[in-house]
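Q: Hi! Could you walk me through this structure, one piece at a time?

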Amino acid sequence: ELAERGEDLAGALRGRGYEPYEEEGVLRLRNCPFHVLSQEQPLLVCSMNLALCRGLLDALGEEGRTARLDPRPGECCVAFSKNNED
């Protein structure tokens, strides 16, 4: 199973190789577990990573955040915004 309902999002991400941190209400990821592959196929890998993160939110029953692409140099391309912010 991808995750358990009610599990903490940051903890679920850490358990899957990500390094989450909070910045101004946005949960960002310091690293990309797929970094090596993303250097060769960034569009494919980032799209799959986004789908994985959205699936994780669904599995957790996390309705308060949205996974979106927000690439930053040296970090993962996915960020989690609170639904009332962008």
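**Charged pairs and what lies around them**

A: Arg65 and Glu22 make a salt bridge, with their closest N and O atoms 3.2 Å apart. A salt bridge here is a side-chain nitrogen of Lys or Arg within 4 Å of a carboxyl oxygen of Asp or Glu.

Q: Before we go on, where does the model come from?
A: This is a predicted model, where local features need pLDDT of at least 70 and side-chain atom pairs count only at pLDDT 80 or more, while totals for chains, interfaces and linings use all residues. Residues are numbered from 1 along each chain as its sequence is written, and side-chain values use heavy atoms, with hydrogens and water left out.

Q: Thanks! So which parts does the pair Arg65 and Glu22 tie together?
A: Arg65 lies in strand 3 (residues 65–69) and Glu22 in strand 1 (residues 20–23), so the pair ties together parts that are 43 residues apart in sequence. Helices (H or I, at least four residues) and strands (E, at least two) are DSSP runs, numbered from the N terminus.

Q: And is Arg65 buried or exposed?
A: Arg65 is buried, because its relative accessible area is 15%. Buried means under 20% relative accessible area, exposed over 50%, and partly exposed in between (1.4 Å probe, protein chains only). Glu22 has 44% relative accessibility, so Glu22 counts as partly exposed.

Q: How many salt bridges are there in the whole structure?
A: The search finds five. One of them joins Glu23 and Arg28, with the closest N and O atoms 3.1 Å apart. Glu23 is partly exposed at 28%, whereas Arg28 is buried at 10%.

Q: Which residues do shared partners join into one network?
A: Glu23, Arg28, Arg68, Asp70 and Arg72 are joined that way by salt bridges. Asp70 and Arg68, for instance, meet in a salt bridge of 3.4 Å, N to O, and both are buried.

Q: Where does Arg28 lie?
A: Arg28 is in strand 2 (residues 26–29). The side chain of Arg28 also has a polar contact of 2.7 Å with that of Asp70. A polar contact is a pair of N or O atoms within 3.5 Å; within protein, one must be able to donate a hydrogen and the other to accept it, and residues adjacent in sequence count only if both atoms are side-chain atoms.

Q: New topic: which residues touch the most other members of the largest nonpolar core?
A: Leu9, Leu13, Leu29, Ala67, Val78 and Phe80 do, in a core of 18 residues. Helix 1 (9–14), strand 2, helix 3 (42–60) and strand 4 (78–82) each supply at least two of its residues, and the largest share, six residues, comes from helix 3. Such a core is a set of buried Ala, Val, Leu, Ile, Met, Phe, Trp, Tyr and Cys residues joined through side-chain atoms within 4.5 Å.

Q: What does Phe80 touch?
A: Leaving out residues up to four places away in sequence, Phe80 touches several residues, including Leu9, Leu13, Leu29, Cys53, Leu57 and Ala67. Contact means heavy atoms within 4.5 Å.

Q: Last one: where is Gln41?
A: Gln41 is in the loop between helix 2 and helix 3. With 45% relative accessibility, Gln41 counts as partly exposed. Gln41 and Pro20 are 21 residues apart in sequence and 23 Å apart in space, C-alpha to C-alpha.
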